[in-house]
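Let's walk through it together, one stop at a time.

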Amino acid sequence: MPEPEAGASAQARLVVEALDLANALSPDARDTFPEVFATARMVALMEIASSRVLLPFLNPGELSVGVMVNVAHTAATPLGAMVTATARFLGREGKLFVFEVVAADPGGEIGRGTHKRAVVGSERLVSGAKRRMG
């Protein structure tokens, strides 16, 4: 498979809404989380940015999936703020595509780390998931 050049990058942005807050993630009211941008949503935005780097290199029926995330969430972001995730392609480790990912809001950097993705056939992925469940 062809691959991006080292240093290729892409971004994903979102305005933090109520469903993006940490206190919105748990369905159990006994759980208490703050009313700030959730780490899980930051990671999702980083994954979206990384997938956009690979998108032009995918064949029909292929997609990229996240297989590893190692990030630190270092600053809180309030409701209504714009968050931008940037992914920069570092290279490959075997079949995995490795990215540096950074998230920022208007106040500066809020998270940073690495993310790895694999390219898979979408039909094979879905059928394999269904087989696992019996």
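This is a predicted model: local features need pLDDT of at least 70, side-chain atom pairs count only at pLDDT 80 or more; totals for chains, interfaces and linings use all residues.

**Rings and core**

Residues are numbered from 1 along each chain as its sequence is written, and side-chain values use heavy atoms, leaving out hydrogens and water.

Phe97 is buried too, at 2%. Rings of Phe, Tyr and Trp (its six-membered ring) pair if their centres lie within 6.5 Å; planes under 30 degrees apart are stacked, over 60 edge-to-face, and the rest tilted. That gives two aromatic pairs here. Phe89 and Phe97 make a tilted one, with 6.1 Å between centres and 40° between planes. Ring pairs also bring in Phe99, so the cluster is Phe89, Phe97 and Phe99.

Phe99 turns up again in the largest nonpolar core, which has 21 residues; Phe37, Val83 and Phe99 have the most contacts inside it. Such a core is a set of buried Ala, Val, Leu, Ile, Met, Phe, Trp, Tyr and Cys residues joined through side-chain atoms within 4.5 Å. Helix 1 (39-54) is among the elements that each supply at least two of its residues, and the largest share, six residues, comes from helix 1. Helices (H or I, at least four residues) and strands (E, at least two) are DSSP runs, numbered from the N terminus.

Now over to Ala72, in strand 2 (residues 62-73). Ala72 is partly exposed, because its relative accessibility is 37%.

Key. Buried means under 20% relative accessible area, exposed over 50%, partly exposed in between (1.4 Å probe, protein chains only).
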